[in-house]
Amino acid sequence: MADLSATGLMLRPGARAFSATIGAGEILGLAGLDGHGQDAFLRSLTGLEKSGGEVALNGQRIGSFRDAERARIVYVPRDRRATGIFPGLSILDNFAIATAGRDRRGPLISPAARRARYEIWRERLQIRAPSPEAPITALSGGNQQKVLLARALAREPEVLLLNDPTRGVDVATRHLLYDLFRDLAGEGMVLVILSSEIEEILALCHRVLVFRDHGLAAELSGEAMQTDQVIAAMFGRAG
Amino acid sequence: MRVLGRYTFAIAILVVLLVANLVMNPARFHPAAWGTLLGMAAPLIGAALASTPVILAGRGGIDISVGPVMALVSAVVIKVLYLDHGLSSPLILWPAALLIGALIGAFNGFMAVIVRVQPIVATLGTYLILGGLTLTILPAPVGPAPDWLKAMAGGWSFLPLGVIGLLWWGLSRTPFHDQLMAVGSDDRAAYTAGVPVSLVRFLAYVITGMLAAAAGMMLTALIGSADPKVGANYTLIAIAAVALGGVSLAGGKGGLLGAAIGAFDIFLLQSLLTAFNVSTYVLQVAYGAILVTAVVLIAFQDRGTKRSHA
Amino acid sequence: MSRYLTGMKARIIGAFLVAALLHLIGTVLIPGYSAPFAIRALLVIAALLAVASVGQTLVVILGGIDLSIPFIIGFANVTAAQLYGQGWHFGLVCLVVFGLAILIGALNGALSRGLNIHPLIVTLGIGMIVQGLVLIWTKGFPTGSAPKAVSSFVSIGGSFGPLPVPALIPALLVMTLLIVLVLERTPWGRRLYALGANPGAAPYALINPLWVWTSTFAASAFFAALAGILLLGFTGSAYGDVGQPYLFQTIAAVVVGGAALVGGRGSYIGTLAGVLVLTEINTLLIGLNFSPASVQAAFGAIILLLVSLYGRERHFRTTV
C-alpha cells in the first residue's frame, strides 16, 4: 500500500519546515491564499521544486521529476492551455502522448490499440467528443480536463497530484470528477488535490492542509474541517 | 546596470580586439585614421542597427531583406538618380534613399503584421524580389558615387551613424520605445495594457527599412560605387552581430547600442585576422566560433540572473 | 474527419493543384515542357530539393529553424568527394560523413534547446564554422568525385528497372513513406508534434525536450548530408557552395506546404507539394526565358502570394 511522506520540507529559504504523510486511499486537500506555498508543496511532491527536506514514496526517495515518473507519481498541472493540452493535436494524441510507447506493436503505434485504450477512459470519464480524431481544442473546458485526467490515469498512478482540477469546469462535470476521485481513492490511490474553492475541499477530502507564508498553517480533519476554520488558518488567525 | 549586463560580453571582446588591433596595426588605428576606420565598419554597423527594431518587436520578428535593401538603395541612388538623371545633391539622394527604405519596410510590415505571414518568410519573399530587381536595374557594378557621399566613408563617417544614434536616443525618450519593448517581451500583456501592438510592430518594420537604406548609403560611400552583389551578404552577418550584441532574438531585450557594438566586434575581428594575413576561411571559422561562444555565454549569464531573481 | 485535418489536407491538396496548374501553363506556353526528358529533369531536381527539405520539415514542426542545412550539404559534398578521391571505400566515406553530420546536428539541437538560444543563431554560427573548416581543409579547391553508382542513382537519363526514371525517384517514394510512418505512427513522431504545439506542456507529458531537439536536428543534418552526397553524384564534382540555394528553398518549400514556423503543424507530404510548386515555378520561369534576375524576383513574389493565401498565422489576440 502506498504511503507518501514529506519530511522537513522547507518551501522557501527561511520558511517554517514541516512534515506530512499521506496514506493509500486518502484524499488530501491543499488550501491557502494564492502563492502561499500550497503550489510549491504540490510541485515538491513531484520532484519539480527543490525544497529543503525529503519526499519519499514507500521509503523510496523522490528527488527529481524522473524519480516521480518512475514511482508513478503523476502531476496534473493547473493551467490547461499553457501546460496541459497540445492544441492542434487530436484528442487521441492528447490522451496517449505520455504513454505512447504502450500502443506500439513492433516499431509502430497501433491505432487500434491506442483507440481501445482511449475508449476505456472515454467511458469511465464520460468524455463527450465528436470523434477521437477531432482536435482537442474542439472540446469544452470540462471535456478537455477529462482528456488530461485520462492522460494522467493511463499512467496508472500510485499517487495523483491535482492542481486545481475543476478550474473552469462546469458543475455537472465537477460532480462526475468528485465521484471519480472518490472511486480512485477507494481503489487505493493516494490523491492530493489543490483547490482554490474551500467547499470543494470540504466536500471531497478526508484531510486538509492549510498553507500560509510558505509554511503549514493548519492541518484539519474530521469535525475540525469547517469553512471558517480553513479561512481563519488561511488568513493566519487560527491558534 | 542590467542593460549593460547584456552588453558585457560584446564590450569585453571589443576591448580585447581593440587592443590587439592597436598593437598589430598601429597605422590603421591611429586617431587620424579613425574616420576611415569607422567608414569601413559603417555598412555592417548600419545593417546591424537596421536588423534590430523588428527583432526587438518580438514574435519571430526578423528582417532578412536588410542586405538586399542596401543593394537596391545603392543601385537606385547611383545608377538611376545620379548617373542617369544627374541628381547629385544629398538633399535629394538621402531622402530618396530613406523613402525607398521606408516603402520596403512598410511592405514588409504589411505582410508580417497585417497579412500575418511569418516574418522570416515574408522578408524572404522581399529578399528575392529586391535581389532580382537590383540585378535588373544594375546588372554590373557602376560608379563613381558623388564626392560628398564618398567623403562619408572618410572624415565624415561619423555623421550618418551619429545622426542615427541621436535620433534613436530621442526615440528612446518617447513612449514608442517603451511600447516597442513591451510588445517584444509580451505582446498579449501589452495588448491588454492598451498598447497598439500591430501599429508598433508595423512601425518597427518601417524603421528597419529606413535604417537599412541608410546602411545602403554607407555601403555605397565605402565602395564608392554601386555593386548589385555586395549588399545581400550583409543580412546574416548583421543578424549575427545583433545576437552578439546581446539583443534577444525572442524580442524585448537589448537595443541599438548593443547591436552596434556587436557589429564593431565583428569588424575588428575581421580587421585583426586580415592583419595576421589569415585566409578568409579562417575568418569564417572565427566568425562562427565567436558567434556561438557569445550566445552561449549570454545564455549562461541569463540563467545566472534568472536564478538570482528567483 | 475533423475540420482541422480537412483544413490541413486542403492546404496540401491546394499546393499540389498549384503545382499541376503551373505544369499545365508550362506545357501550353513552352514547347517540350512535358517531354519525357524535361519531366525526368524536373523530377530529379525536385527530388534533390525534397531530400534537402526533410530536415527543415522536422525542425519546423518542432518550432525551430535550421540554417545549417546548406553548410552541411556543402560539407558532405566536399568531404565525400575528397575522401573518396583519396581512395577510401565509399561505404566508409558515407559512415564518416553521416556520422559527423549527425554529431553537428545534435550539437545544433542540444545548444539551442539546452541553453534556450534561438536555433537561427546557433545553426548559422555552427554552419559557418563547418563551412570554414572544410574550406581550410581543402584550401578552397576540393577535388575528387562521386562513385559511378551514386551518379547513375541520380542521373536524369538513368532508369530503374522498367521505370524511365533514375532510382532516386522510387527511393524518394520509399523514403517518403518511411518519414510519414515515423511522424504519424511512432512515439517519437507524435512527441515531435506535441513539443512543437506546446513546449510548456511537454515535460508534464513525459516528453524530454532536450532529447527531441537533439535527435531532430541530428536527423536534419543527416538528410542534409544525404542531399550533399546525392548532389555530388548529380553535378559530378565537389563544390562547397552547392548547398547555398537550398537555404531559403527548403524554408519556402516547408511553408508553401502548409507548415507553420511556430511549430506543431506540418507534414512531409505538404513539403513535397511545396517542393513541386517551387521546382515548377523555377522551371517555368527559366523556360519562359526570364533572366535569372527576373526569375528570382518572380519566385519571391509567388512565394509571398501563396503564403498570404494560406500560410497566415493566427492573430496574437486569438492566442490569449
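Predicted model: local features only at pLDDT ≥ 70, side-chain atom pairs only at ≥ 80, totals over all residues.

Colleague: What makes β3 and β11 of chain A a pair of strands?

Modeller: Two strands pair if there are at least two bridges between them, and five bridges join strand β3 (residues 27-32) of chain A to β11(A), the two running parallel. One of the positions to look at is A:Ala31, whose bridge partner in β11(A) is A:Val210.

Colleague: How do you know that β11(A) also pairs with β12(A), and what lies between these two strands?

Modeller: At least two bridges are needed for a pair, and six bridges join β11(A) to strand β12 (residues 215-221) of chain A, here in the antiparallel sense. A:Arg212 stands opposite A:Gly215 in β12(A), and the two strands form a hairpin with two residues between them, where A:Asp213 in the turn has a positive phi of about 50°.

Colleague: Why is β11(A) described as mostly covered?

Modeller: A residue is called buried if 20 or more other C-beta atoms lie within 10 Å of its own, and five of the six residues of strand β11 (residues 207-212) of chain A are buried.

Colleague: What makes the pairing of the sheet mixed, and which strands are its edges?

Modeller: Six strands of chain A form an open sheet in the order β6-β9-β10-β3-β11-β12, with mixed pairing: β3(A) and β11(A) run parallel, whereas β11(A) and β12(A) run antiparallel. The edge strands are β6 (73-76) and β12 of chain A, since each pairs on one side only. Further inside the order, β3(A) pairs with strand β10 (residues 190-194) of chain A in the parallel sense over four bridges, and A:Gly29 stands opposite A:Ile193 in β10(A). Helix α7 (residues 171-186) of chain A packs on this sheet, touching β3, β9 (159-163) and β10 of chain A.

Colleague: How do you know that the two domains of chain A touch?

Modeller: The domain assignment gives domain 1 (1-72 + 157-239) and domain 2 (86-155) of chain A. Residues are in contact if their C-beta atoms lie within 7 Å, and ten residues of domain 1 of chain A are in contact with eight residues of domain 2 of chain A. On the domain 1 side, α7(A) gives the most, with three residues.

Colleague: How many residues does each chain give to the contact between chains A and C?

Modeller: The contact takes 26 residues from chain A and 21 residues from chain C. The residues on the side of chain A divide into 16 nonpolar, five polar and five charged.

Key
Residues numbered from 1 in each chain as written. Chains lettered and ligands numbered in written order. Buried ≥ 20, exposed ≤ 12 C-beta atoms within 10 Å, placed from the backbone. Nonpolar A, V, L, I, M, F, W, Y, C, P; charged D, E, K, R; others polar. Axes fitted to C-alpha atoms, helices over the stretch in contact; angles between N-to-C directions. Domains from an automatic or database assignment.
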